[in-house]
Amino acid sequence: MPARALWKGQLRLSLVSIPVELFSATRPGASVSFRQIHKPSGKPIHYQKVVEGVGPVDVDDIVKGYEYEDDKYVLLEPKEVDSIKLETKKTLELVQFVGVADISPLYFDRPYYLVPADELAEDAYRVVRDALRQSERIGLGQLTLRGREYLAAVKPCGDGLLLETLRYADELRKADPMFSDISGKKAEKELLEVASALIEKKTAPFDANAFKDNYTAALKELVKRKMKGKSTRVTVEEGERPERRGDNVVDLMAALKKSLESGEGKKSQPKAQSASRRGRRKSA
């Protein structure tokens, strides 16, 4: 199944605009997922959106609410949220460049492949790629994806460009309170020499293929063994399957995936607006 572009727009460098498409660089299907099952009946667990004193509600009756005081909300209709116009919905402009090692790993969030939309875009795309590689710089910009505006870093990756979303400064906890109880005393010289020697001995080029997800592999093996016994296998009847669309009853995994696809987040505005971003995060 061909990959689906998550975003289509223009990569802009000054007056140059390049049609590009964004694809996820990770495979969510590589991990093992489960459904919750009612053991006595063997039927899947359903989840409902309910209101206290009302009961189950229709998904069309649900709107977003921003809590401005305890238990007090201002309501936002979906069309009002969608009407917010941001240039970054269609344009990723590289507005600043930094050194490759200037961004702390704490800020990096999720990787994507940024590719030219067609052959006509390739020449300008290659110029940006090679200029970033030659200058050893990372381009910074912002784009709107999955209902929120992200800070993004663009850098060369093989024959193409890698885009990594970055966390905003107010999303990170300060390190000082976490490390405040650690003594500032330096390590003993002899112990430091032994540790340094061990590090040097085990130093080698990074190869991701050398590491395996042992937990996922063990889960798959467990599932394979359990499938050999009929006593632990159940079949969901046609009428018991949760509806996938147009219904307010969904399983937990589907709800989580839907939240990731349509979740609200923080807009990248000046720090003066960071409180409003936190409010949106609370209301999502």
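Reader: What lies over the face of tyrosine 150?
Author: Arginine 148 does, at 4.2 Å from the ring centre. A charge counts as over a ring if NZ of Lys or CZ of Arg is within 6 Å of the ring centre and within 35 degrees of the ring normal.

Reader: What kind of model is this, and how are residues numbered?
Author: This is a predicted model, where local features need pLDDT of at least 70, side-chain atom pairs count only at pLDDT 80 or more, and totals for chains, interfaces and linings use all residues. Residues are numbered from 1 along each chain as its sequence is written, and side-chain values use heavy atoms, with hydrogens and water left out.

Reader: How many helices and strands does the chain have?
Author: The chain has 7 helices and 16 strands. Both are DSSP runs numbered from the N terminus: helices are H or I with at least four residues, strands are E with at least two.

Reader: And how many residues, with what share buried?
Author: The chain has 284 residues, and 22% of them count as buried. Buried means under 20% relative accessible area, exposed means over 50%, and partly exposed is in between (1.4 Å probe, protein chains only).

Reader: Switching to strand 2. Which strands does strand 2 pair with?
Author: Strand 1 (residues 7-13) pairs with strand 2 (residues 16-24) in the antiparallel sense, over 7 bridges. Strand 2 also runs antiparallel to strand 12, joined by 5 bridges. Pairing requires that DSSP finds at least two bridges between two strands.

Reader: Which residues are bridge partners there?
Author: Leucine 11 has isoleucine 18 of strand 2 as its bridge partner. Valine 20 has proline 116 in strand 12.

Reader: What about the turn between strand 1 and strand 2?
Author: The two strands form a hairpin with 2 residues between them. Serine 14, in the turn, has a positive phi of about 60°.

Reader: Where is tyrosine 107?
Author: Tyrosine 107 is in the loop between strand 11 (96-99) and strand 12 (108-116). Its relative accessible area is 29%, so tyrosine 107 is partly exposed.

Reader: Which residues does tyrosine 107 touch?
Author: Thr165, Leu166, Arg167, Ala169 and Leu172, not counting residues up to four places away in sequence. Contact means heavy atoms within 4.5 Å. Tyrosine 107 and glutamate 171 are 64 residues apart in sequence, with their C-alpha atoms 9.0 Å apart in space.

Reader: On to threonine 91. Buried or exposed?
Author: Threonine 91 counts as buried, at 10% relative accessibility. Threonine 91 is in strand 10 (residues 91-93). Leaving aside neighbours within four places in sequence, threonine 91 is in contact with Trp7, Gln10, Arg12 and Gln142.

Reader: Now helix 2. Which residues are buried?
Author: Tyr125, Val128, Arg129 and Leu132. Seen down the helix 2 axis, the buried residues fall within an arc of 95°, so they line one face of the helix. That arc is taken from the directions from the helix axis to the C-beta atoms.

Reader: What is exposed on the other side of helix 2?
Author: Asp123, Val127 and Gln134. Just after helix 2, glutamate 136 takes a positive phi of about 55°.

Reader: What span should helix 2 have?
Author: The 14 residues of helix 2 (residues 122-135) should span 20 Å at 1.5 Å a residue. The end C-alpha atoms are 20 Å apart, which agrees. The expected span is 1.5 Å times one less than the number of residues.
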